[in-house]
Every structure is written in C-alpha cells, then in structure tokens.
Amino acid sequence: MRKTLVFTLLLALLSAGCIGYVAADIYPLRNQVAVQEMTEGAYSGYGNVGDVSATAGLTATLKADYYKAMNWKTEIQFGSVLPNAETGYHLQFPVKKTTNYLRERNDIDIRITVEDVVDNSVFAYLAEGLEPGQTRTEKVYLKDFAEYYNTDVDILFPDVTYTWRPSDTTVDNKTEEALKQLFDTNFLFPLGDNVSVDAHGDCHVQYGPGYGYGINTSSDTFGLNIEETFLNDRVYFTFNRKGESYRDLDVSHLPLGYGIYCLTVPEDGSQPELINVCSLDLGVKILKLTADGSGNILAYMVENGFFTITVIDSSTNSVTQCLQLTEFPSNSPSWATYEEGGVIAVTLAHKIETRQIILLTADENGRYELHWNLIIPSEDSRALTYSDETNKEYSYDHAPVMAWNGQYLAFGLSEDHWVNFDLALYDKNGLAYSGRYNTSLNIWTVQPDGDLPLTLEWE
Amino acid sequence: MKKYLSVFALIAQNSIYRIFGLLLLLAAADGVLAWYWLAVKHYGIQNMFHSGNARFGLVLAIVFVLMAAVQIRCGDIYSGTSGYTVRRLAISEKAVLLLQILYNMLCWIILWGVQVLIIFVICKLYYRFGEYAGDPLSEQQMFLLFYISPLLHSLLPMEETLAWIANLVMIAELSISSAYWTVRRREKSSAADLLIGYWTVVLIFRRELGSYILNVIIIGGFLIIIAIDCWRMFFRKKEV
C-alpha cells in the first residue's frame, strides 16, 4: 500500500513538474527569432549574388504578428550569412482574425452616378391610366432631365471618415455637409447624350400607382480612377480621364479645372477647402501621387510619352520642379517608385531583357537631381517589383522598401504571407548583392505586418 | 494523519495501475500517430498539430473518457474488501470524499502532465532528428506550435492566465464529479446529470489563443457546477 502511495504521489509530482519544465523550456523561445540567408539551392530560383559583406551597416526591421495577438519586431543587422537578430515580443488581446489581412488605409473614392439626378415624380406619367397589376417601362435619356451626374464620395482619414450618397437627405455633421457642397459644386461631369435609365410606372393592386427608375448598363455609373496621398489634414488627389470602366471623361465643366486637387479638412471643424494645385493637360496619365517625407508631394505621370515627376511643395501648394526622367514606352511597361528622405528611385521594365533604375537625390536646397540612370539585365533585377498589367503599382500586397547610403541603394521586399524577405543592393555598376532571408517565424498564420512589414536603414 | 494516508492509498490502489496503463496507451497511440504523420506521410509537425486532423485530440479524448470511467468504477472504496478496512479506520465519509477528490485531481494532473510531456518529446525528437534537424530556423517553431495549435495551447496556455485557471477549474469539477458519482452509485440514484461536466470538457477543451469569453464561461460555469455538487455532497444530506 505504501508503494502505491509513493508511486501515485511521485507520478503526480513528476507530471506537475513536466508541465512546469516544458513551459519553462519553451517560453524563452518567444523572442528568439532566427534569420538566415538562404544559400543557393536552398530556395529554388534564388541564387545569391555578390558578397554579403556589402550589407554591413544595413539594418532591417521586420514586423510580424499572429492575428495581432503575438507581435514580433526584429532588428536584423546584416553583414554575415547568419545575421544578428534581436527581437522584441509582446502578446496582446484580443486576437483579430480577419479574412482581409490588409489594414484599412487612407482612401478617397468618388463614384459618378445617375442615382437621384432626377426626382422620381417626373415619371409619374408612366403610372397614369394603368389598371391594377399593369406596369409600363420606358427607356429615358437623362440628358432631358438633368445636366450633371451626382457624386457618391468616401473620404477615409486615419481617424475620421466622411461619406455621403446622392440619396442621403441628411449628413452626419457640418463638415460633411460642407464637403458635400464642395464636391457637388466642383465635380461636375456632364451626362452624355446616350445615358439612359429604365423608367417604370405600375399600379399595385393594394397600394395604387408607383413610379421610379432603375439603373441599367447604359447608365454609365462608375468609380473614378483616383490617385491620392494623405498629409495630415489634407488629401491630395487627382483622377485619370481614362479608367477601367470609362474613357475620355469630359472635364471641361469642372470649375477648378482638371488637375491635382488639395482638399483640406481642418481638424478644428472649420470650413474645408478644395483647390487645384497643379493643372494637368488632358492627355496626361497619372501613375501615382505620394509624399516624399520632406514636405513635398510627388506626382508621377506620363506626359507626351515621357515618365515625369512633378514636385509640389506642400507648404505653399505650388509646383517647384517638373522632372522628365525617361521615355515611357507605349506598351504599358511595368514600373515602381520608392521615396525615402530626399531620395527617389524609379524602376522601370522597358523590355523583357532589361530593367532600368533611376535614382534622384535632393541637393542642399531640397531640389531633386539625377544621380543614376542604370540599365541592368533583367536577371540582375532582384527585389524590384513592378506594376501589374492594369498599372496598379505593385503586383504584391506589400510595397518594397528602400534605403540609400550614398553608395548602395538597398531594396527589401517582404513576402506577402510568410515572414521572409528578399534583399538587394545596387551600386552605380548594377547589382552588388542579393540574398533571400528566411526567418524562424516562417510558419503558416504568422504573417508579416499588414502596414509596413519591413523597413531598411543604413547606419 | 496516518489513517488519512492509508485511506488515500486505498483509493489509489483501486485504480492507479489502471490509470498508469491508460497513460502508456496514450503514449503509444500518440507515438504511432506521430510516426505515421511525420515519418510515413511527411506531413510536417506544423501541419500535424495545426490542422487538427492528426487525431491527437481524439486519442486524448478517448483516454480522458476511459480515465473518467476508471475513476467512477473504482472510486468507491466502501464496496469490496477495502470497505471493511475503511470503516475500521473510523474516518468520516466527508473526509473520505475529500481524499477521493484530491486523488482524482492528482490523476487529472498526471494525465495533463503526461500529455504535455509526450508532445514535448515528439517535438524535440522531430526537431533533433527530423527533416529540419539542425536548422537554426526550426528552434523557435516549437514555441509557436504551442500557440497556434488549439490543442497544444489548451494543454500549455503559456501567458494566458485565464486558460490556466480554466484548466484548473475543469480539473476541480471533474474530480468532484467523479467522487460524487460514486456516492450517487452507492445511493442507487441516477448520476446522468454529472455527465454534463465530462462532455463539456471533451467538447470545449481545445481552445484557441485569446478565447477570453470561452475561458470566462468555463470558469464561471464550472464553478457553479462545483458549488452545486459540493452543496449536494456535503450540506444537503446530514451524512452521505
């Protein structure tokens, strides 16, 4: 009996000890993120190029999480095959499981619609003389009733959202009311001659006559192809005259003219303001609007067949530079841009076999000037991403990041759903180093941070 | 003190070797499963534990049910040859019940600890001798497994204090239920209502990271059941 007693107690003690031991053995691993350069052959198709010592002095910060509950921030110092990594880890609740992993971003959407451009009552005649149960339909050209489309707008600032629909009879606040007024008076797009709706009248057995109209395929309701960038309480935006579902938009009725607009929505609740800061030619194609981090707004455009950058000083809202970079072929080449602390890099894929990297650096007056214009073979174009066919800038969820130290231009690109990344260094002669780095967080459901998974910085 | 230890030993003698046999069964079944998924199917340890299809949870549930059955069937020391010994020791039935509850608790802790140890050993062996042996990137993944797999996380909730408390409350409730079951059997009254606790544990033990509300419900619900069972065992009747 004593044996049984000892056996039972010993077993219980060992089991409790096991739980404690295993927890104590595993828990310290929480911040032991390991990062390793994958050598040739370890990852099919990614042979490393160049000497890893070129990366000495470069630090990458990699952020990853497991449903926003387990969070890692790893600082990786390069220079060797097994780079030095230090990780901060914290656990926070709640667990946020989302199917769309990307965070909501600053955004402005303008939809042009025939919704509510005419009052339903004008179609009352269609219900006249109908017997209960009868209906009458008629194709109606809206041009006969109204001059302009309505706008349907969503503006998403980081902390506040303004949104209104043509059918809204009330708005949420005075700012939204003022914004609606601004958009209604400044974004006037004339209804085309062929824009029609299906108007109908009926006579319901119980409720009597009714009438209205429905949007059909010829109604030309579409979202503008907008490029925008947010800067504090302002949003700079413009739109292309050609979009996925429309072409040659008539902008001749816009009171401010066609251009890059600056909408200021003061946080103190005072009157919003909309101005045109840069008029655009009708033939221009807008690729991207972005802020350069030095107080400038950069507008990447194709103008007369050339890739151009227009620099707008956000403090004065005036154009300070128009830079013509290179020829932009008509066959919709892929492109990408990077902006970081007075440096702009543009990558362009003219042809299948070559790529181009254009580097601009700011002088002491903050004016950009050409630093490199490199043509490189496509097999040496590592960690560079290019737009997809519809000219959306990146074919990836995460944009690549860039860092420049005066000699090397480093590009880093995080994988979409795995905590791994590519690193490439270019100098004036082309590709100096490229490597692929895998981490110990490379496990399904641990994801790169949805906003900015990777940043690069030179010492 | 000696008489309490004697009674405790009597309770243990009735079932501890059967329970030990179940633990061996658990280790063998888990070992076979690990061998099948890792060595035969090359499923990878992440997939094996993460997908939930590897049947480790099912094996644990079966062993859990068998263990509960052993506790219930062998828990009544008033029947059989031990009954005479207990009565001679002049120890109150309440005290015997408390010792039974304590013993049951130890049994559940043993099952918990052994299951954790088995999984830990499987992981260690995999990372030492498996396809990624020696890979510096695989070291940390054991930690991640214990968060990402609901079964592993429920067994070892790490920083999730509420999940630890929920586990302990479940153990307390199961221990009390098993002890109370033997009383009800002796009284020849139905104990079907006590099954609720066992089934609930089988159904909800696997909890994902951050199952805050579920843990609160478990703690609250099981504490209520514990209170009811204790009241019925110790206070409703003058002496069971």
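1. Is the crossing of helix 5 of chain B and helix 8 of chain B left-handed or right-handed? In this predicted model, the crossing of these two helices is right-handed. Helix 5 of chain B covers residues 93–129 and helix 8 of chain B covers residues 161–186, and the two pack at an angle of about 130° with their axes 8 Å apart.

2. On the side of helix 5 of chain B it involves B:L97, B:Q100, B:I101, B:N104, B:M105, B:W108 and B:I109, which meet B:I171, B:A172, B:L174, B:S175, B:I176, B:S178 and B:A179 of helix 8 of chain B.

3. The buried residues of helix 6 of chain B are B:Q141, B:M142, B:F143, B:L144, B:L145, B:F146, B:Y147 and B:I148.

4. As for the interface between the chains, 39 residues of chain A are in contact with 34 residues of chain B. On the side of chain A that touches chain B, the elements giving two or more residues are helix 1 (2–26) and strand 28 (430–439) of chain A, and the largest share, 15 residues, comes from helix 1 of chain A. The residues on this side of chain A divide into 27 nonpolar, 10 polar and 2 charged.

5. Chain A holds an open sheet of 4 strands in the order 21-22-23-24, with antiparallel pairing. Strand 21 (334–340) and strand 24 (368–377) of chain A stand at the edges with a single partner strand each, so one side of each has no neighbour in the sheet. On average, and with direction ignored, neighbouring strands of this sheet are turned by 15° against each other.

6. Within that sheet, strand 21 of chain A pairs with strand 22 of chain A (residues 343–349) in the antiparallel sense over 7 bridges, and A:E339 has A:I344 in strand 22 as its bridge partner. These two strands form a hairpin with 2 residues between them, and A:G341 in the turn has a positive phi of about 40°. Strand 22 of chain A is also joined by 6 bridges to strand 23 of chain A (residues 354–362), and this pair runs antiparallel; here A:V343 stands opposite A:T361 in strand 23. Of the 7 residues of strand 22 of chain A, 6 are buried, so this strand is largely enclosed by the rest of the structure.

7. A further open sheet of 4 strands in chain A has the order 13-14-15-16, with antiparallel pairing. Its edges are strand 13 (226–231) and strand 16 (273–279) of chain A, each of which has a single partner strand, so one side of each is left without a neighbour in the sheet. Neighbouring strands of this sheet are turned by 20° against each other on average, direction ignored. Strand 13 of chain A and strand 14 of chain A (residues 234–239) pair in the antiparallel sense over 6 bridges, and A:I226 stands opposite A:F239 in strand 14 of chain A.

8. Most residues other than glycine have a negative phi. A:Y67, although not a glycine, has a positive phi of about 50°, and its place is in the loop between strand 3 (58–66) and strand 4 (70–77) of chain A. A:Y67 is buried, with 20 other C-beta atoms within 10 Å, and the count meets the threshold because a residue is classed as buried at 20 or more.

9. In chain B, B:H42 likewise is not a glycine and has a positive phi of about 50°. B:H42 lies in the loop between helix 1 (2–40) and helix 2 (45–51) of chain B. Is B:H42 buried or exposed? B:H42 is exposed, with 10 other C-beta atoms within 10 Å.

Definitions and conventions: Residues numbered from 1 in each chain as written. Chains lettered and ligands numbered in written order. Predicted model: local features only at pLDDT ≥ 70, side-chain atom pairs only at ≥ 80, totals over all residues. Pairing = 2+ DSSP bridges. Axes fitted to C-alpha atoms, helices over the stretch in contact; angles between N-to-C directions. Contact = placed C-beta atoms within 7 Å. Nonpolar A, V, L, I, M, F, W, Y, C, P; charged D, E, K, R; others polar. Left-handed = near helix turned anticlockwise from the far one by under 90°. Buried ≥ 20, exposed ≤ 12 C-beta atoms within 10 Å, placed from the backbone.
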